[in-house]
Amino acid sequence: MVLVDAQLVAVALVTICVGAMAMRMARRTSSVVRRLGKNGQEMVALRHRSGAACDVYLHGATVSRYAVPNGHEVLWVSSGAVFNGSKAIRGGVPLVFPQFGPKADELLGITSMSQHGFARTSKWSVRSAEVRLNGDCQVVLTLEDSEATREKFPHKFSLLYTVSLNETCLRTALKMTNMDKATVAPQALLHTYFATDEVAQTRVSGLDGVSYYDQLADETDAQHGDVSFCGETDRVYERGDKLVISCEGQRAVTEIAVEATYVEEFGESGSSATPFAPDVVVWNPHVSKAKAMSDFDDDGWKRMLCVEPGILNKNRPKIAEGNSVILSQTITYIP
Ligand SMILES: *[C@@H]1O[C@H](CO)[C@@H](O)[C@H](O)[C@H]1NC(C)=O
Ligand SMILES: *[C@@H]1O[C@H](CO)[C@@H](O)[C@H](O)[C@H]1NC(C)=O
C-alpha cells in the first residue's frame, strides 16, 4: 500500500514536472496564426517567443497592434476604430497607396481619388505566414490590381507587404512593382500611429534642418531642433531616415529606421538596388480635427502622433515596367 502511494506520488511529480516544462516550452515558442479578430474580421496574429506580439488585419493589410516583450503597446488605435471592413482602421499602420491626398497629382495623372487611396480599404491576400528558423515571425500579404482598382488608377501593379516581428523590433516593408508598360510614380505611406502618454510633452528628433511643407499654412519652412506639438500639426518633411520619439520625463524612446530603395530588374542578369531619401509626414489632428472624425475618440489626439515614412514628393522615382520601389520602417521601442 505504502509502495503504491509512493509510486503514485512519483508519477504525479513527473506529470507536474513534464507539464511545467511543456508550459515553459510553449511560452518559448513563436507562432503565426491566421484567425478571426474583431467582428469576425480575418487577421494574422504574430506571437514571438520573447512575448512580443503583432496583429495584422487583411482589411487594408493594417497592423493594428504591436506590443513589446514587457507588454508596452507601441501603436495607438482609436477606441472608435471601425473593424468591420467598411472603412480604414483608425490607428495602427494603415497603408497609403497609390495617392496621398484627394487633390490631383500631376505625376500620377489621376484627377481625384478618395483620401489616401484604396490600399487601406482593400482586402489583401496572405502569400505566406510563418515562423522562421530563428524564431522570428513573418507574414507576407499581397494586393494586385483589379477591375475596381483600375477604375481609380488605370495601372497594373503588384504590392507585397512584409511584416516581421522579433524580440527587439517590428519591421514593415511595402514593395510596389509596376506591372504596366507605362512608367508610373505612385505615392505610398506607412501611416503609423504611435501611442504616447501626452503629445504636448512629446518630441520627434532626427529632422533638424530638414525642409518641410506645412499642409495647414500651405508654406515651406525648415525644422529647427526637435518637432514638438502645440496645436494641429500636418507636415511633409522632405527626408528622414533615423527618427526618435521621446516623451519628457520618460526614459523609454521609440526609434524608427526608414529605408527607401529603387529596385531595377535586369532579367537573367539580376537586379540593382539604389537607395533614395524617403519623405516623412508628421501629423496630429488636435481638438477640432479629432472631433470632426467620427471614428476618432475626442481626447485621443492627446495620446497619439503619426510619424509616417513615405514616398510623396515631386522627385520620387518613376517606376519603369517590371521594376519596384521598397519602402520600409523598423520600429524599436527601448524601455
Ligand atoms: C460597420 O460599423 C459602422 C460603425 O459602427 C457602421 O456604421 C456600419 O454600418 C457597419 N458596416 C457593416 C458592413 O457592418
Ligand atoms: C530583429 O530583426 C531586425 C531586422 O528586422 C534585426 O536587425 C535584429 O538584429 C533582430 N534582433 C534579434 C534579437 O534577432
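View 1. UniProt, in an unreviewed entry, gives Arg 90, Gln 115 and Arg 120 under "binding site". They are spread over 31 residues of sequence, yet they cluster in space, with a largest C-alpha distance of 13.5 Å. A word on such records: the positions use the numbering used here, feature names are shortened, and annotations may be inferred rather than shown by experiment. What you're looking at is a predicted model, where local features need pLDDT of at least 70 and side-chain atom pairs count only at pLDDT 80 or more, while totals for chains, interfaces and linings use all residues. Residues are numbered from 1 along each chain as its sequence is written, chains are lettered from A and ligands numbered from 1 in the order in which they are written, and side-chain values use heavy atoms, with hydrogens and water left out.

**View 2. A closer look at Arg 90.** Arg 90 sits in the loop between strand E4 (62–67) and strand E5 (95–96); strands (E, at least two residues) are DSSP runs, numbered from the N terminus. Is this residue buried or exposed? Arg 90 is buried, at a relative accessible area of 15% (buried means under 20%, exposed over 50%, partly exposed in between, with a 1.4 Å probe and protein chains only). Setting aside neighbours within four places in sequence, its contacts include Trp 76, Tyr 193, Trp 283 and Asp 295 (contact means heavy atoms within 4.5 Å).

**View 3. Over to Arg 120.** Arg 120 belongs to the loop between E5 and strand E6 (125–131). Arg 120 is buried too, with a relative accessible area of 18%.

**View 4. What surrounds the pair.** His 191 lies in the loop between strand E10 (188–190) and strand E11 (193–195), whereas Glu 308 is part of strand E21 (residues 304–311). His 191 is buried at 5% relative accessible area, and Glu 308 is buried at 1%. Leaving out residues up to four places away in sequence, His 191 touches Glu 308 and Trp 283, among others. Glu 308, counted likewise, also touches Trp 283, and its partners include Leu 189, Thr 192 and Asp 279.

Key. Helix = DSSP H or I, 4+ residues; strand = E, 2+ residues; numbered from the N terminus.
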